[in-house]
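Biologist: I am new to this protein and would like to be taken through it step by step. Could we begin with the overall form and then turn to the details?

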Amino acid sequence: MSQTSKIAGPIFVICILAAVAGFVWFQFVYMPEINKEIEIPEEFLNPSETTIIDIALGSIDQDQVDNFVPNAISVTLGENNRVTWINIDSVIHTVTAEVGKEFEKAAGNANYIDPDGGEFTFLFVEAGEYTYFCAPHPWMRGAVTVVEPAE
Ligand SMILES: [Cu+2]
């Protein structure tokens with residue numbers, strides 16, 4: 001037996017063990033950790049109700065009190081956490097996020113809502129306070145408070 005073939009066996013076994021250990025770590029440590037981060041309860045993804053916020057006619061008038069109606073709301077995850085803004089005004093408005101992770105990405109500056117019935121919908125899946133405004137008319141401001149369902 002040559003010197004090479006004497007160590008080939010143990011090296012092969014070590015490689016197999018390393019591969020198995022890697023697989024076990026990936027399957028039972030790494031993946032559960034990754035999945036834990038993005039796991040969203042099914043009912044949060046399919047709330048029974050949609051919350052409607054109207055963008056009122058005449059919102060372009062800075063002295064008009066009503067623009068986002070209602071302008072401060074609380075929604076509950078799994079119940080009414082899908083929010084749709086409907087622009088019933090005759091000019092374009094935006095829902096531009098001020099703070100709030102995913103909402104920030106979805107409701108960016110380019111999010112223009114067409115007049116006369118244009119809509120923007122966002123599904124909130126994380127509890128928190130989300131504030132937004134209309135980019136061309138920054139006096140138009142609103143807030144959505146997202147709360148966990150009661151136990
Ligand atoms: Cu506006």
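Biologist: What radius of gyration does the protein have, beside that of a compact globule of 151 residues?

Modeller: Please keep in mind that this is a predicted model. The C-alpha trace spans about 95 × 35 × 20 Å along its principal axes. A compact globule of 151 residues would have a radius of gyration near 15 Å, whereas the value for the protein is 26 Å.

Biologist: In what order do the 4 strands of the open sheet stand?

Modeller: The protein has 3 helices and 10 strands, and 4 strands form an open sheet with mixed pairing, in the order β2-β1-β4-β8. Because β2 (68-69) and β8 (118-123) each have a single partner strand, one side of each is left without a neighbour in the sheet, and the strands at the edges are therefore β2 and β8.

Biologist: Which residue in β4 is the bridge partner of Ile-55?

Modeller: Strand β1, residues 50-55, pairs with strand β4, residues 82-87, in the parallel sense over 6 bridges. Within β4, the bridge partner of Ile-55 is Asn-87.

Biologist: Is Ile-86 buried or exposed, or does it fall in between?

Modeller: Ile-86 lies in strand β4, and, leaving aside neighbours within four places in sequence, its contacts are Ile-52, Asp-54, Ile-55, Gly-117 and Glu-119. A residue needs 20 or more other C-beta atoms within 10 Å to count as buried, and 12 or fewer to count as exposed. Ile-86 has 15 other C-beta atoms within 10 Å, so this residue is partly exposed.

Notes
Residues numbered from 1 in each chain as written. Predicted model: local features only at pLDDT ≥ 70, side-chain atom pairs only at ≥ 80, totals over all residues. Pairing = 2+ DSSP bridges. Helix = DSSP H or I, 4+ residues; strand = E, 2+ residues; numbered from the N terminus. Contact = placed C-beta atoms within 7 Å. Rg over C-alpha atoms; globule rule 2.2 N^0.38 Å.
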